[in-house]
Amino acid sequence: MNKIQKLKYIGMALLMVNFAVGCASAPEEQPEPEQKQPEPVESKPVEPVADVSTSSYEVVRGDNLWDISGKASIYGNPYQWPLIYKANSDQIKDADLIYPGQNLTIDNNPSASDVSAAVQHAKTRGSWSIGVTEASDKAYLGQ
């Protein structure tokens, strides 16, 4: 074995000894971090969140429930007009007659079953007359 090979073996042996000693030695103990006490926080009264489940729409000249419910800002589907009719049955006696200045309540989160019932009613309402509350409208409202 020549001198270079001996030096390599000695270097490898020293490396293995250092590695073995490093693995076998106990880890240094680290001081535990100082526990900080949370600082007191002033509590402020929580303001009530506005009810976003409904909004309102003011009727303008030329409006009808079909067009209002078809607006993207309302339902985006004209067949959902019965939802508006039902939510405002206290002020809309005939679904075919609404008046400028009326403030209609819009349900922003109708249930899937309410939407389905409204669309079904709109599609099967039958003939209508202005000034008369149709029997199918009364049935839809549960009257």
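What share of the 143 residues of the chain counts as buried? The share is 22%, in a chain of 143 residues, where buried means under 20% relative accessible area, exposed means over 50%, and partly exposed lies in between (1.4 Å probe, protein chains only). The structure is a predicted model, in which local features need pLDDT of at least 70 and side-chain atom pairs count only at pLDDT 80 or more, while totals for chains, interfaces and linings use all residues. Residues are numbered from 1 along each chain as its sequence is written, and side-chain values use heavy atoms, with hydrogens and water left out.

The secondary structure comprises five helices and two strands, taken as DSSP runs numbered from the N terminus (helices are H or I, at least four residues; strands are E, at least two). Read from the N terminus, the order of the elements is α-β-α-α-β-α-α.

Next comes the interior. In soluble globular proteins, nonpolar side chains tend to be buried together. Here the largest nonpolar core holds 19 residues, a nonpolar core being a set of buried Ala, Val, Leu, Ile, Met, Phe, Trp, Tyr and Cys residues joined through side-chain atoms within 4.5 Å. Leu65, Ile68, Ile74, Ile84, Tyr85 and Leu104 touch the most other members of this core. Two or more residues come from each of helix 2, helix 3, strand 2 (103-107), helix 4 (112-124) and helix 5 (135-141). Helix 3 gives the largest share, four residues.

Two aromatic pairs are found in the whole structure; rings of Phe, Tyr and Trp (its six-membered ring) pair if their centres lie within 6.5 Å, with planes under 30 degrees apart counted as stacked, over 60 as edge-to-face and the rest as tilted. Trp66 and Tyr79 form an edge-to-face pair, because their ring centres are 4.9 Å apart and their planes stand at 70 degrees. Trp66 belongs to helix 2 (residues 65-70) and Tyr79 to the loop between helix 2 and helix 3 (81-87), so this pair ties together parts that are 13 residues apart in sequence. Trp66 is partly exposed at 38% relative accessibility, and Tyr79 is partly exposed at 32%. The pair of Trp81 and Tyr85 is tilted, with 6.2 Å from centre to centre and 45 degrees between the planes. Both Trp81 and Tyr85 lie in helix 3, four residues apart, which is about one turn of the helix. Trp81 is buried at 6% relative accessibility, and Tyr85 is buried at 0%.

Two lysines also meet aromatic rings. A charge sits over a ring if NZ of Lys or CZ of Arg is within 6 Å of the ring centre and within 35 degrees of the ring normal. The charged end of Lys123 sits over the ring of Tyr79, 5.2 Å from its centre, and the charged end of Lys86 sits over the ring of Tyr140, 5.0 Å from its centre.

The largest pocket brings some of these residues back into view. This pocket contains about 280 Å³ of space. On a 1 Å grid over the protein atoms alone, a pocket is an open set of points where a 1.4 Å probe fits, with protein on both sides within 12 Å along at least five of seven lines, and lining residues have an atom within 4 Å of a point. Grid points are joined across faces, edges and corners, and the volume is the space filled by probe spheres set on the points. The lining includes Trp66 and Trp81, along with Asp63, Arg125 and Trp128. By type, the lining has eight nonpolar, one polar and three charged residues (Ala, Val, Leu, Ile, Met, Phe, Trp, Tyr, Cys and Pro count as nonpolar, Asp, Glu, Lys and Arg as charged, and the others, Gly among them, as polar).

Finally, Val52 lies in the loop between helix 1 (3-24) and strand 1 (54-58) and is exposed at 62%. Val52 and Asn109 are 57 residues apart in sequence and 8.8 Å apart in space, C-alpha to C-alpha.
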